[in-house]
Amino acid sequence: MQYKSQAVAKPYFIAAIGLFTGQILFGLIMGLQYVVGDFLFPEIPFNVARMVHTNLLIVWLLFGFMGSAYYLVPEESETELFSPKLAQVLFWIFLLAGAATVLGYLLVPYATLARMTGNNILATMGREFLEQPLPTKVGIVIVALAFLFNITMTVLKGRKTSITLVLLIGLWGLAVFFLFSFYNPSNLVLDKYFWWWVVHLWVEGVWELILGALLAFVLIKVTGVDREVIEKWLYVIIAMSLITGLIGTGHHYYWIGTPESWLWFGSVFSALEPIPFFMMTVFAFNMVNRRRREHPNKAATLWALGTGVMSFLGAGVWGFLHTLAPVNYYTHGTQITAAHGHMAFYGAYVMVVITMISYAMPVLRGRAANSERAQVLEMWSFWIMTVSIVFITLFLTAAGILQVWLQRISATPMGFMATQDQISLFYWLREISGVFFLVGLVLYIASFFIKGGKTVSA
Amino acid sequence: MSATFTKSMARNIFYGGAVFFFLLFVGLTFDTMQVLPKRDHRENITPEVVRGKHIWETRDCIGCHTLLGEGAYFAPELGNVYKRRGPEFIKAWIKAQPTGAPGRRQMPQFHLTDAQLNDLVAFLKWTSEINTNNWPPNIEG
Ligand code: HEM
Ligand code: HEM
Ligand SMILES: [Fe+2]
């Protein structure tokens, strides 16, 4: 570790992995409820499990981004973090707020939770991914601003690199677009229109900047390729992300009451959105092939390459699959969407956070890389989790195609529930793949506890 | 990438592209806002509809259902349920939950009053009249 204050990243990474595990457990509960409809009913209704699953995902990714920034920024800026104390305090605030929110979902009926937390003063709850009570939303903003203050001050007092600049723009964008979660007009069309300014402009906008910056950082470290080359790639990739992704928001404006012109804007621009993801893959492989050294952390390199490939498959290929308006007309809001959502989130954001953890955690624990045995186990977990998510995606895609066929294309369309019965086989297969995913995750966690073998000192 | 294409050129494309397309997006948004009133029929957003949306949100119906194709994929699309089932069915359905049918997906009992049910139905009726470019493909949603 080059700077003492980088150590504040460690609890962030540990919390991220812990919450990730919680996310997967609730995913498995829902997966079972898909086929055994009354499982855990009425104790944990499906919608409650879903809130926990998706909100834990977002919160642990935010933990991952913050931990990554605390690790990366001092090293890039060549200076200690502006305030390590603030980072530690924010960690506990964020963790406690997150835990309290999840407990609220699980223990209190949602309508009561809404009443207790001031939703009648400013109604923001009850919208997908933005289910958090008002105090949690305000808390997220406060933590984000204090965090941004801390790392911005660090960058300002130290060396300014393209990587920190891009990371900062991404993180500030994340905070700014989250503010749209406080705008909830009673006109549903307007509500939906600006809801996407949080959701789409996050994952297909500013988060891609964060993704690119983290990937570029790890690639510089593990390949030793010249910074000028890597940063040039970074700029081109994120330029393409925003050039395609901003107007690409239109792929959500086909059927929610917005004008027909969006059928064209959305289709054309979002069809180009795979380009930056494809470049990310080429970038990762190119840099690793041109490496100037053999970094002992093979696992981190594998995760970095995996991020390139899987984000392209999940976001690029599975996104393109249903992004053209004539296709989306049939696939909108089906299991095809769920298939894409899983592979894209995993391939891009889960994997880039794990890439950072995989690179940084050994250093934080006083070595350049983990022992051979620990790395082998970590690489097994990589393959098990990644192959599992591929299967989850394939089974959901199969379910989705049948669903579209039976319910929307057929001359004698079936009702929703009857269709679901027809495709339950694929839901069972998805659930089995999910159990394998959990096994992979357990092995991943176990890899942190493997001792012995030769370790490489930092 | 070739050496004549420098990092600062790449950076300029990023800044220029980001600013240009963000402004274009804001412009398109502005244009959309002008057209929307004709498509969302906001003149029909009565106090009942407003209250209905609030009930919809505070019961997290979106956590199981889609509404205009967005939400969860566990239970039927409700953007057009007013047209598919009609007001009386919707109210009776919500009152009768859960079905308790073994192994079947369950919807909770929300203990809504008749007035609240009327509000919810008003919201679903207004929603079903939004011009959605003919989505969904058929009445099943
Ligand atoms: C890492 C980047 C991405 C992530 C994490 C992501 C994630 C998601 C998620 C979670 C949804 C479901 C939203 C909802 O619940 O309504 C969604 C929807 C969608 N995504 Fe992505 N996505 C990404 C990139 C892309 C790209 C590059 C494309 C196009 C090429 C794309 C096309 C779509 C479309 C068309 C929908 C709407 C599906 C529908 O109509 O139901 N996505 N995405
Ligand atoms: C491993 C086992 C997993 C299972 C069984 C599972 C299951 C589910 C289920 C049943 C849903 C709800 C779908 C619906 O609305 O009807 C869901 C939603 C979601 N899950 Fe998972 N999940 C798993 C892992 C993951 C992972 C690893 C991620 C992140 C990479 C993830 C991200 C999401 C997202 C983003 C949504 C919202 C999707 C959308 O709105 O389209 N899940 N999951
Ligand atoms: Fe999108």
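Biologist: What makes the pair formed by A:Arg50 and an oxygen atom of ligand 2 a polar contact?
Modeller: A polar side-chain atom of A:Arg50 lies 2.7 Å from that oxygen atom of ligand 2. A polar contact is a pair of N or O atoms within 3.5 Å; within protein, one must be able to donate a hydrogen and the other to accept it, and residues adjacent in sequence count only if both atoms are side-chain atoms. The A:Arg50 pair therefore counts. This is a predicted model, with local features needing pLDDT of at least 70 and side-chain atom pairs pLDDT 80 or more, while totals for chains, interfaces and linings use all residues. Residues are numbered from 1 along each chain as its sequence is written, chains are lettered from A and ligands numbered from 1 in written order, and side-chain values use heavy atoms, without hydrogens and water.

Biologist: Which side-chain N or O atom lies 3.1 Å from an oxygen atom of ligand 2?
Modeller: One in B:Tyr73. Ligand 2 lies between chains A and B.

Biologist: How far is the iron atom of ligand 1 from the iron ion (ligand 3)?
Modeller: The two are 4.3 Å apart.

Definitions and conventions:
Near = heavy atom within 4 Å. Donors = N, O, S within 2.8 Å, 3.2 Å for Na, K, Ca; no water.
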